[in-house]
Amino acid sequence: MAEDAHVDQAAPAPASRASIASPPAQAAGGLGADQPYQALYRRYRPQRFADVKGQEPIARALRNAVREGRVAHAYLFSGPRGTGKTSTARILAMALNCQGPVEGEPDGTCESCTAIRTGASMDVFELDAASNRGIDEMRELRSRVALGTPGRWKVYIIDEVHQLTGPAASALLKTLEEPPSHVVFVLATTDPQKVPGTILSRTQHFEFRLLDGDLLTDLLTGINEDARLALPPEIVRLAVQRGRGSA
């Protein structure tokens, strides 16, 4: 889920809202009292290609590419928010650096997978172009991109890449034209029409789609049960309606 459920004035009666604000003491997917709270979208973020909902052709293509050793040096993941672009990029990074991959899937338990999942990996670098959109940031990236890291692959994930300034996009293009052999770029965007054609032409483009209502309902129902939130069916239906296909 992109964020935990939020119910506004159009929601059902106050009693239903209270059930969201005050879940049972044993909720949160069995988390004990001594464990820190973790938002739903983090607890239920997919960790394998097989877990990515609604994007099966993309997940299958990437898994096969890892398994067969034919990973592209740059990808562009485009689509609306909440369709799995960044999560899929992280799964790709885990699969590439996993110490015990199985048929292109990361095992999720090795040291590398654990570090990537917790954001502590030195092999994966994430940059939000919405707030780091200038030439200086891209120059710093270019100066570091050829440096080695502990894993087999260094993966750069650049979100909202269409928001880079013109000079910054040109600097990124120079790196994409002659990338080091151990580097993979995953560029993500909600507005692919604004990505310069010179960058687009140097990437393998995957278009992520919104989830249909039935799939999103199944996803939310499963989370509701697993996290023991005890939300009534009308709240799940409302979340699906407000989500408009975004997980």
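A crossing of two helices is termed left-handed if the near helix is turned anticlockwise from the far one by less than a right angle, and right-handed if clockwise. The structure is a predicted model, in which local features need pLDDT of at least 70, side-chain atom pairs count only at pLDDT 80 or more, and totals for chains, interfaces and linings use all residues. Residues are numbered from 1 along each chain as its sequence is written, and side-chain values use heavy atoms, without hydrogens and water.

The protein chain contains 10 helices and 5 strands (DSSP runs, H or I of at least four residues and E of at least two, numbered from the N terminus). Of its 247 residues, 41% are buried (under 20% relative accessible area, 1.4 Å probe, protein chains only).

H9 (residues 213-226) passes H10 (residues 233-243) in a right-handed crossing. Their axes, lines fitted to C-alpha atoms over the stretch in contact, come within 10 Å and cross at roughly 135 degrees, on a scale from 0 to 180 degrees between N-to-C directions. H9 and H10 are therefore oblique to each other (angles under 35 degrees count as roughly parallel, over 145 as roughly antiparallel, 65 to 115 as roughly perpendicular and the rest as oblique). Gly 213, Leu 216, Thr 217, Leu 220, Thr 221 and Asn 224 of H9 are in contact (heavy atoms within 4.5 Å) with Val 236, Ala 239 and Val 240 of H10.

H4 (residues 85-97) and H5 (residues 111-118) pack with axes 9 Å apart at about 160 degrees, and are therefore roughly antiparallel. This crossing of H4 and H5 is also right-handed.

Definitions and conventions. Buried means under 20% relative accessible area, exposed over 50%, partly exposed in between (1.4 Å probe, protein chains only).
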